[in-house]
Amino acid sequence: RLMSAPAHAAPGREAVEDLRLRTRAFIRDVVIPAEPVPGQALSGSERHRLQQAAKEAGVFAPHVPVEYGGQGLPLQDWPAIFEEAGYSPIGPTALNCMAPDEGNMHMLELIGTPEQKQQYLVPLAAGDVRSCFGMTEPHPGAGSDPDALQTTARKGDGTWLINGHKRFTSGAIGAGFCIVMARTESDGDTPAGATMFLVDMDNPGVRVGELIHTIDRTIGGGHPHVYFEDCAVPDSAVLGEVGLGFKYAQVRLGPARLTHCMRWLGLARRSLDIALDRTGSREIFGSRLSELGLAQELIAQSVIDIETSAAIITRTAEMLAADPKAGSAMSSVAKVHCSEAVYRVIDRCVQLCGGDGVSDGLPLAQYLNEVRPFRIYDGSNETHKWAIARRASARRRKEVEAGAPYQGNAVVRGEQEQ
């Protein structure tokens with residue numbers, strides 16, 4: 001069974017709404033004016049300034065427990081706040097709820113030892129360091145299929161020796177530490193499998209390699225190759241239990257998929273606001289653009305995509321909080337739907353804004369570049385659809401085996417029934 005999130009004292013509805021409104025104001029008044037030119041990354045100094053401002057405004061780290069300097073929101077209350085943060089592509093960074101750090105914080109809170117929390121979670125939650133997650137490998141290593149994991153960790157006398165090659169290690173450049181997934185052998189009662197390790201990036205056995213140039217810019221630290229070459233770490237570097245890394249990864253990946261949906265939905269709303277402002281003020285063929293049927297179709301379909309995405313995000317967040325296993329399965333549905341719906345919304349908004357939509361005079365083209373990789377990151381949509389279909393087929397088969405009526409046979413009707 002997947003671990004449940006720790007029980008935070010849930011704030012009341014009024015407190016959550018107050019935080020949402022303060023986050024909304026902070027993003028619009030402080031963050032949006034600080035956005036870099038479309039296509040450029042946020043500088044480290046500006047990141048520090050914005051995070052300090054977020055702390056002073058009382059909106060920093062909404063998902064982090066109060067004892068670690070955050071706002072202490074339980075998972076089911078994240079959607080409204082993360083969506084407000086995502087209204088700017090740099091908003092989640094300013095609030096310290098951006099991938100991969102947000103997912104790593106969540107996992108450290110759930111399964112880290114007190115010593116690991118003090119060493120890694122405390123500075124990460126404060127924004128003093130960044131982190132990365134080492135899972136993806138060059139083919140034929142782990143990608144959409146985690147069972148293809150090639151990186152190994154061999155146990156010694158009080159140490160582990162990690163060897164492997166990771167790629168698309170988001171955030172690795174300038175990160176303070178990496179959570180590394182490696183294959184480990186069976187040892188007595190400990191099964192063979194995957195194990196997660198906390199590895200300092202200044203470890204002499206870690207080498208950050210070639211940068212992979214991608215179309216997105218909002219994740220600080222890029223997506224480089226990382227090499228682990230006889231990287232020695234102590235037993236205390238094991239995160240969770242040996243051999244259970246894939247199980248623990250689901251603790252991270254289910255919520256992490258969903259928080260991506262939350263953040264990008266905010267950007268979809270921003271895109272639609274840009275398009276609505278444009279269509280409400282531009283005239284063509286004697287009418288406002290917003291009054292023309294073709295434009296109204298694009299606007300209406302965008303509203304539908306946004307609202308259905310918001311609904312599935314809310315439901316999935318509630319499921320993750322109540323039943324992490326069921327919520328993790330539903331997060332695949334949310335990830336596929338939202339990644340495709342958000343892209344459709346922004347693409348329509350580009351179309352509504354014409355030539356300016358594909359220029360750097362408006363940020364919409366950049367937004368397309370930011371959200372397009374989400375259909376690949378955190379498991380390709382095709383892999384998720386495969387898993388969704390398998391779960392649906394297995395569920396129905398079990399229902400029929402348990403006595404539910406089989407409904408797949410066609411009725412043969414006589415002539416008198418035609």
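Guide: Helices (H or I, at least four residues) are DSSP runs, numbered from the N terminus. Axes are lines fitted to C-alpha atoms, for helices over the stretch in contact, and angles run from 0 to 180 degrees between N-to-C directions. This is a predicted model, in which local features need pLDDT of at least 70 and side-chain atom pairs count only at pLDDT 80 or more, while totals for chains, interfaces and linings use all residues. Residues are numbered from 1 along each chain as its sequence is written, and side-chain values use heavy atoms, leaving out hydrogens and water.

Visitor: How do the axes of helix 7 and helix 9 cross?

Guide: The axes of helix 7 (residues 245–281) and helix 9 (residues 324–352) come within 8 Å and cross at roughly 20°. Angles under 35 degrees count as roughly parallel, so helix 7 is roughly parallel to helix 9.

Visitor: Why is Thr-259 called buried?

Guide: Buried means under 20% relative accessible area (1.4 Å probe, protein chains only). Thr-259 has 0%, so it is buried. Thr-259 lies in helix 7. Leaving aside neighbours within four places in sequence, Thr-259 is in contact (heavy atoms within 4.5 Å) with Trp-78, Phe-82 and Glu-102.

Visitor: What makes Trp-78 and Phe-82 a stacked aromatic pair?

Guide: Rings of Phe, Tyr and Trp (its six-membered ring) pair if their centres lie within 6.5 Å, and planes under 30 degrees apart count as stacked. Trp-78 and Phe-82 are 5.5 Å apart centre to centre, with 10° between the planes, so the pair is stacked. Both residues lie in helix 3 (residues 78–85), four residues apart.

Technical notes: Helices (H or I, at least four residues) and strands (E, at least two) are DSSP runs, numbered from the N terminus. Angles under 35 degrees count as roughly parallel, over 145 as roughly antiparallel, 65 to 115 as roughly perpendicular and the rest as oblique. Buried means under 20% relative accessible area, exposed over 50%, partly exposed in between (1.4 Å probe, protein chains only). Rings of Phe, Tyr and Trp (its six-membered ring) pair if their centres lie within 6.5 Å; planes under 30 degrees apart count as stacked, over 60 as edge-to-face and the rest as tilted.
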